[in-house]
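Here's a quick briefing on the ligand site and the residues around it. Have a look at the model first, then read on.

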Amino acid sequence: MMLHFTKMHGLGNDFMVVDLVTQRARLDSERIRTLADRRFGIGFDQLLLVEPPSRPDMDFRYRIFNADGSEVENCGNGARCFARFVLDQRLTARREIAVQTAGGNLLLKVAEDGRVRVDMGAPRFNPGDIPLTADGESHAYTLDVDGETVTMDALSMGNPHAVIDVESVDHAPVTTLGPRVETHPCFPRRVNVGFMEVVSRQHVRLRVFERGVGETLACGTGACAAVVSGIRRGLLDQHVDVTLPGGTLSIEWAGPGQSVIMTGPAERVFDGRIVI
Ligand SMILES: N[C@@H](CCC[C@H](N)C(=O)O)C(=O)O
């Protein structure tokens, strides 16, 4: 059977996007890992499956799988690519799109210039919601990582994030400390690990070691988590530019209980088809 797909990226965080509104396919985690492989497969950080909604008030449902085959709750860069995809494929004519994800519902708006504004929902700080094993809520959790004490913030953007402050992202231990925090027993569902350098009250630099992938060129939910963490610790203003290795996202947050708003680009790279 032939399956059509589209390769997309948001600031270099790359995706295989599959329309399961007009096509049918079952991709198990072993197949997803092979497709994600950059030598033996197509190569991507996440697979996005676009499906019909299960509720009449929503336009679509989309499912997200990491390169290791695990299904996850949310993906910021993926949400922007999803919005561009459904418009470009003419699966909808609406530029304002309501979508279900495993981490909650999102509202996306595609601007005339092609940039996408996403209402990412409100962050959650309760350790049980992240999930993180801890005695109570904090923004400075200490973690024993192989005898080293690491101080970090942690929160949920639908998916789990740890945020670690660094003096410079250029020298941050992203690929050495990142995987050890990702799989630390305190995070029963693992965690995405952001390393944040505060440049000014309106600008941070960020590198993210993503759960189930490794370091990526950009992480949308990671950018939201870093800004929320910086704002609630009094380090940042309400509007912040987040510079990731793949480019810059604009993030806004008005405070507890409010949605985080993320704005950025989404690019189509090529269309292809595979036999499954
Ligand atoms: N790249 C994403 C996040 C994808 C999911 C993440 N790796 C997880 O396991 O939660 C983004 O742009 O937010």
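Asn192 touches quite a list of residues beyond its sequence neighbours: Asn159, Pro160, His161, Val208, Glu210, Arg211, Cys219 and Gly222. Keep in mind that this is a predicted model. Asn192 sits in strand 12, which covers residues 192-200, and with 27 other C-beta atoms within 10 Å, it counts as buried.

**The annotated cysteines**
- UniProt, in an unreviewed entry, puts the feature "active site" at Cys75 and Cys219.
- Cys75 is in the loop between strand 5 (71-72) and helix 2.
- Having 30 other C-beta atoms within 10 Å makes Cys75 buried.
- Setting aside residues up to four places away in sequence, Cys75 touches Gln46, Ile64, Gly220 and Thr221.
- Cys219 is in a loop too, the one between strand 14 (214-216) and helix 4.
- Cys219 is also buried, with 35 other C-beta atoms within 10 Å.
- With residues up to four places away in sequence left out, the contacts of Cys219 are Asn13, Asn77, Asn192, Val208 and Glu210.

**Around the ligand**
- There are 19 residues around the ligand, and Asn77, Asn159, Arg211, Gly220 and Thr221 come nearest.
- By type, the shell splits into 12 polar, four nonpolar and three charged residues.
- Helix 2 (76-88) and helix 4 (220-232) each bring at least two residues to the shell.
- Helix 2 gives the largest share, with three residues.
- Both domain 1 (2-120 + 265-275) and domain 2 (127-258) contribute residues to the shell, so the ligand lies between them.

**What the record says about binding**
- The unreviewed UniProt entry lists "binding site" positions, among them Asn13, Gln46, Asn66, Gly76 and Asn77.
- Asn159, Asn192, Glu210, Arg211, Gly220 and Thr221 carry that "binding site" feature in the entry as well.

**Zooming in on Asn77**
- Asn77 belongs to helix 2.
- Is Asn77 buried or exposed? It is buried, because 35 C-beta neighbours fall inside 10 Å and the cut-off for buried is 20 or more.
- Neighbours within four places in sequence aside, Asn77 is in contact with Gly10, Leu11, Asn13, Ala218, Cys219 and Gly220.

How values were computed
Residues numbered from 1 in each chain as written. Predicted model: local features only at pLDDT ≥ 70, side-chain atom pairs only at ≥ 80, totals over all residues. Near = placed C-beta within 6 Å. Helix = DSSP H or I, 4+ residues; strand = E, 2+ residues; numbered from the N terminus. Nonpolar A, V, L, I, M, F, W, Y, C, P; charged D, E, K, R; others polar. Domains from an automatic or database assignment. UniProt positions renumbered as here; feature names shortened; annotations may be inferred. Buried ≥ 20, exposed ≤ 12 C-beta atoms within 10 Å, placed from the backbone. Contact = placed C-beta atoms within 7 Å.
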